[in-house]
Amino acid sequence: MKTRITRRVGLLGPAVAILALGADGPPTVPRASPPSPTPRISRDTLPSALPDDGRRPIMANSAAPPVIDLGTPLIPGQMIQPIDLPGALRLAGARDLDIAIARERVCQAVAELQQAQVQWLPSLYVGPNWTRHDGQAQVVEGRVRTISKSSLFIGGTAAAGSSVSGPVPAGGPAQVSGLTSILRISDAIFEPLAARQILDARKAGIQVATNDSLLGVAEAYLDLQRAAGRLAIAREAATNAETLSTLTASFASSGAGLESDHRRSLAERDRQRKNVEAAVGELEVASAELILRVRLDPRLVVAPIEPPETVLRLVPDGRTIDELITTGLTSRPELAEAQALVKATLVRLKQAKLRPLIPSLALRYSGGGFGGGPNGFFGDFNARSDADVNLYWEVQNLGLADRSIARQRASQQRTANLQLMKVQDRVASDVVRAEKERIATSRQMDQAAQAVPEAQASLTLNLTNIRRGAGLPGATRPIEVLQPIQALAQARADYLDAVLAYNRAQFRLYRALGQPPLLASSPTQAAPTADTKVPQTSIRR
């Protein structure tokens with residue numbers, strides 16, 4: 001599957017670790033002492049809260065804020081494996097049980113077709129047949145006599161059926177059952193045709209199972225990406241809250257700020273740390289769902305390689321709804337499956353109508369050695385052969401049963417047509433719904449992308465005002481940075497959700513179109529990019 005991958009870069013913030021392994025907890029910040037009577041603080045003594053590049057609030061005389069060692073795996077020592085989207089899709093195609101079941105149904109349909117094709121051939125029965133009679137019996141001339149005799153037949157029987165009954169009263173080869181020795185020529189003609197259509201339907205079912213499996217794995221992977229992005233956002237917010245708590249502690253200890261502001265910042269710091277731990281849980285739950293779908297070791301934890309803000313473009317923009325619906329109606333394997341089933345019912349309907357007009361054949365031929373005599377005597381063995389051939393037309397139950405069978409087949413054919421119409425309606429609905437979802441999420445993504453730099457700028461300006469207005473009347477209180485920190489985290493989360501919703505809509509549209517390879521290789525529209533670098537997501541072990 002060729003996929004156009006573009007990125008809305010720089011909107012999910014700086015690089016953060018998805019999972020940090022280790023037992024060390026986050027660095028503690030000492031509680032501030034009561035404010036001192038010193039009323040003023042100069043710009044030179046105020047801790048600087050913003051580096052020159054404006055990317056992340058840090059403390060003065062420090063290269064970066066302390067790394068908060070939060071978000072360790074739920075089970076210590078648990079293995080963490082990276083996984084990418086193409087790898088997950090390949091595993092789904094190779095290991096999915098629904099696909100394997102669909103393939104086995106094809107094997108079953110092939111066997112049924114082969115069985116239908118050999119109805120013309122007779123069945124063979126080989127083995128001895130011993131007969132013993134003691135008592136009254138009617139001889140050929142009509143007299144009833146007391147007879148004691150036995151006979152033995154050693155040979156074989158070929159019959160246009162599948163079973164034999166007991167021996168004939170006069171001895172000889174085994175008698176073929178009249179119910180199973182009849183070859184209905186109509187069945188021999190039409191059953192292979194119907195079985196071939198069933199086979200075509202089962203083959204289409206493999207593609208149906210494959211498409212459904214790939215969509216399920218893709219959505220599970222997007223859920224994993226969402227959890228990884230949420231964890232990255234939560235860790236950044238926790239780092240910013242840690243910086244704010246340190247800043248308010250400095251102001252409170254110097255008398256330039258309030259102890260209540262510092263306590264409020266500590267509460268926010270603890271809340272953001274809680275969000276980190278919640279995001280870890282979401283990540284591992286999403287990992288377990290993906291592992292279930294690709295059938296990996298359930299003890300593993302997988303983490304996505306691609307950045308969460310990666311934008312996927314599987315279907316080119318600019319196609320009309322009519323074009324997409326037409327593509328779906330010609331490419332969806334569900335329609336091919338339903339059409340094959342309709343053809344099978346048409347074959348069986350024709351078979352039911354022609355059944356009284358096509359003769360049936362009852363055939364038996366046997367040959368071997370036969371001998372016997374009175375009482376328990378065995379002798380006079382010699383060759384023997386018997387043949388019975390009957391060709392007849394059957395009007396079942398004076399034709400009323402044939403009429404009922406034809407009506408049943410007609411009803412089955414109409415039901416299959418209605419099922420086909422139902423599939424057609426569902427395909428058109430899937431295409432329209434997925435395309436409108438793609439358009440709506442594309443708009444949401446554009447709007448959310450504009451909110452992220454605004455939230456970042458708000459945080460930057462507030463921190464700059466704190467640094468420049470230290471000790472001046474009307475200066476910004478440090479606690480006012482709390483709202484920009486929350487707004488930035490929310491803006492990043494909104495953009496992440498919009499990107500992943502757009503990617504999900506792309507996969508659903510791709511599946512609604514039947515995953516046509518022509519669309520997969522078509523040129524796609526490039527996505528707009530920002531000026532900052534792509535944030536990388538790492539796994540620390």
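What follows is a short chat about reading this model, from the whole chain down to one residue.

Q: What am I looking at, and how many helices and strands are there?
A: First, keep in mind that this is a predicted model. The protein has nine helices and 13 strands. Its chain runs to 541 residues, and 47% of them count as buried.

Q: What can I say about its surface and its contacts?
A: For the surface, look at the area and at which atoms supply it. Here the accessible surface comes to about 27400 Å², and 55% of that belongs to carbon and sulfur atoms. For contacts, check how far apart the partners are along the chain. Among contacts between residues at least 6 apart in sequence, 82% join residues at least 24 apart.

Q: How do I read a strand, say β9: which residues are on each side, and are they buried or exposed?
A: Take the two faces one at a time. In β9, residues 301-304, one side carries Val301 and Ala303, while Val302 and Pro304 are on the other. All four are buried, so both faces are covered, going by the cut-off of under 20% relative accessible area.

Q: Which strand pairs with β9, and in what sense?
A: That's β3, residues 80-83: the two pair in the parallel sense over four bridges. For one example, Pro82 has Ala303 of β9 as its bridge partner.

Q: Now a helix. How far does α6 reach?
A: Compare its span with the expected one. Helix α6, residues 333-354, has 22 residues and reaches 32 Å from first C-alpha to last, close to the 32 Å expected.

Q: How do α2 and α3 pack, and at what angle?
A: Look at the angle and the distance between the axes. The angle is about 175° and the axes lie 9 Å apart. The two helices are therefore roughly antiparallel to each other. Among the residues making the contact are Ile99, Val106 and Leu113 of α2, and Leu199, Ile206 and Ser213 of α3.

Q: Let's zoom in on Ser213. Is it buried or exposed?
A: Ser213, in helix α3, is buried, since its relative accessible area is 7% and the cut-off is under 20%. Leaving out residues up to four places away in sequence, Ser213 touches Ala92, Asp96 and Ile99.

Note on methods:
Residues are numbered from 1 along each chain as its sequence is written. This is a predicted model: local features need pLDDT of at least 70, side-chain atom pairs count only at pLDDT 80 or more; totals for chains, interfaces and linings use all residues. Side-chain values use heavy atoms; hydrogens and water are left out. Buried means under 20% relative accessible area, exposed over 50%, partly exposed in between (1.4 Å probe, protein chains only). Two strands pair if DSSP finds at least two bridges between them. Contact means heavy atoms within 4.5 Å. Accessible areas come from the Shrake-Rupley method with a 1.4 Å probe; for residues, only the protein chains shown count as cover. The expected span of a helix is 1.5 Å times one less than its number of residues. Axes are lines fitted to C-alpha atoms, for helices over the stretch in contact, and angles run from 0 to 180 degrees between N-to-C directions. Angles under 35 degrees count as roughly parallel, over 145 as roughly antiparallel, 65 to 115 as roughly perpendicular and the rest as oblique.
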